[in-house]
Amino acid sequence: MSASNDVRASARLSVEELTADITAGTIETVLVAATDMQGRLQGKRISGRFFLDEVMEHGTEGCNYLFATDTEMNTIDGYALTSWSSGYGDFIFQPDLSTVRRIPWHPATAMVQCDMAFPDGSPMRVSPRQILKRQIERLAEKGLHPIGATELEFNLYDTSYGDAQRGNYQHLDAASRYNIDYSLFGTGEAEPYLRRLRNEMDGAGLYTESAKGECNLGQLEVGFRYDDMLATCDNHVVYKLGAKEIASQQGKSVTFMAKPNGREGNSCHIHMSVNDADGTPVFPTGDGTEMSETMRQFVAGVVATQHDFTYLYAPYINSYKRFAEGSFAPTAVGWGWDNRTCAVRIVGHGQSLRFEQRVPGADANPYLAAAALIASGLHGIESELDLPAALEGNAYTQDIDSIPRRLHDAVEAFNGSALAREAFGDDVVDHYVHAGRVEMAAFDAAVTDWEVVRGFERS
């Protein structure tokens, strides 16, 4: 086993290892965490002894409003899941003990990720992790299993979160002064942060591959090795939490907004392929430069459902500001061979032949986006869809159907999608449609800086 693999192996803890570490006092706190609708880890800090005595077997309670709030944690009426009239009761954090890991950026701390259940033990179907697990189960019924990776960009600022808020998020001190895409000098200036981020993600059980600069000021990307798709999404949310907390510890801040300013936005490209029950890739054929029929049908499903499922890739008003011609964020519904102007890009060779979904921004909930891709692929396989012709050249300038360009259009497309309701269930669709409408209503009620600057003196 390599040194890197040794680090990852020691980061992941079996029940026996966790018990021994808590008993020895080398782990004092267990973060009991679940991913909310917005893709954030929420939960409790549990003492090690109490985790062993009670929580490991029985879970712990939490208010069910956690899956019926907006981004600012406001309680929202209109959800079937919970309300003031039903009393905002408890649900249960059920630890998935296969996810226990060390959290190096906090002393003597481990984390376990949870599935959410009602007090009677029935699963909370609208929780993002459960939604993804259901689609993985559907794919497994065909003897197939998804693997993949997420490429997540962010902006780093030499301004603390407190100072950023006090300054109304204006005049932030970006960690680079110009475009540092692939620049070793540019990322060298951010290396004190990047080094901690890379090493401590390895210490949390991720497999860090690389870090690089990007185009926007202070924009960076850290890449991680592919994994089972559920593990990839579990790692993704741990990484986002860690990236913010490590930045905060250094007096800095990061944002995963899709479009934090007028320059290039932050993407979350999702790479996915599929293995059979023996772990053999089913996407490549021949010498690995051609798509198998399974891959062609899977990708055809992703293209065919792009309009209906864009909301699961782009969940906020700000998400749609990222889609612009010549921005490397796609607008055209279609696919191409190694073509970054398309929504779906075929990339890799040999056993690594795969597709890349380029629509999601860094604000996407990875579980929902991955669930959408699997549901799309299943639709393509089950319907034996034909893959349309590849797009060649600049897809931005071609007469091609566009993805939804406003949150309103994407939410209504998802709401009216018979395929979405068949794949996810009416309860899931209705829950997230309501969340989207709440987001739109909040934006419609807000007075923006743009309005004030434009109208204060001249209206």
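In the predicted model examined here, M272 stands opposite F355 in strand β17. Residues are numbered from 1 along each chain as its sequence is written, and this is a predicted model in which local features need pLDDT of at least 70 and side-chain atom pairs count only at pLDDT 80 or more, while totals for chains, interfaces and linings use all residues. Side-chain values use heavy atoms, with hydrogens and water left out.

The facing residues M272 and F355 belong to a pairing between β12 and strand β17 (residues 354-357), which is antiparallel and comprises 3 bridges. Strands here are DSSP runs of E with at least two residues, helices are runs of H or I with at least four, and both are numbered from the N terminus; two strands pair if DSSP finds at least two bridges between them. β12 also pairs with strand β7 (residues 144-157), again in the antiparallel sense, through 9 bridges. In that pairing, I147 stands opposite S273 of β12. Strand β12 (residues 268-276) is largely enclosed by the rest of the structure, because 8 of its 9 residues are buried. Buried means under 20% relative accessible area, exposed means over 50%, and partly exposed lies in between, using a 1.4 Å probe and protein chains only.

Leaving aside residues up to four places away in sequence, F355 touches I270, H271, M272, F283, M295, F298, V299, V302, V344, R345, I346 and L373, where contact means heavy atoms within 4.5 Å. F355 is also among the residues with the most contacts inside the largest nonpolar core, together with F154, Y193, Y239, F414 and F424; this core has 123 residues. Helix α11 (residues 366-382) gives the most to this core, with 11 residues. A nonpolar core is a set of buried Ala, Val, Leu, Ile, Met, Phe, Trp, Tyr and Cys residues joined through side-chain atoms within 4.5 Å.

Aromatic rings were considered next. Rings of Phe, Tyr and Trp (its six-membered ring) pair if their centres lie within 6.5 Å, with planes under 30 degrees apart counted as stacked, over 60 as edge-to-face and the rest as tilted. The count by this rule is 16 aromatic pairs. For F309 and F414, the ring centres are 6.5 Å apart and the planes are at 70°, so this pair is edge-to-face. Because F309 lies in helix α10 (residues 306-313) and F414 in helix α12 (residues 407-415), the pair ties together parts that are 105 residues apart in sequence. F414 also meets F424, with ring centres 6.3 Å apart and planes at 50°, so that pair is tilted. F424 lies in helix α13 (residues 418-424) and F414 in helix α12, so this second pair ties together parts that are 10 residues apart in sequence. F414 is buried, at a relative accessible area of 1%, and F424 counts as buried at 5%. Elsewhere, ring pairs link F154, Y193, F224, Y239 and F256 into a cluster.

Charged groups also meet rings. K212 lies over the face of Y182, 3.9 Å from the ring centre, and the charged end of R225 sits over the ring of Y207, 5.3 Å from its centre. The rule asks for NZ of Lys or CZ of Arg within 6 Å of the ring centre and within 35 degrees of the ring normal.

Finally, a search of the whole structure finds 0 disulfides, a disulfide being a pair of cysteine sulfur atoms within 2.5 Å. For C114, the nearest cysteine sulfur is that of C63, 16 Å away. C114 is buried, with a relative accessible area of 3%. The sulfur of C342 is 18 Å from the closest cysteine sulfur, in C215, which is too far for a bond; C342 is buried as well, at 0% relative accessible area.
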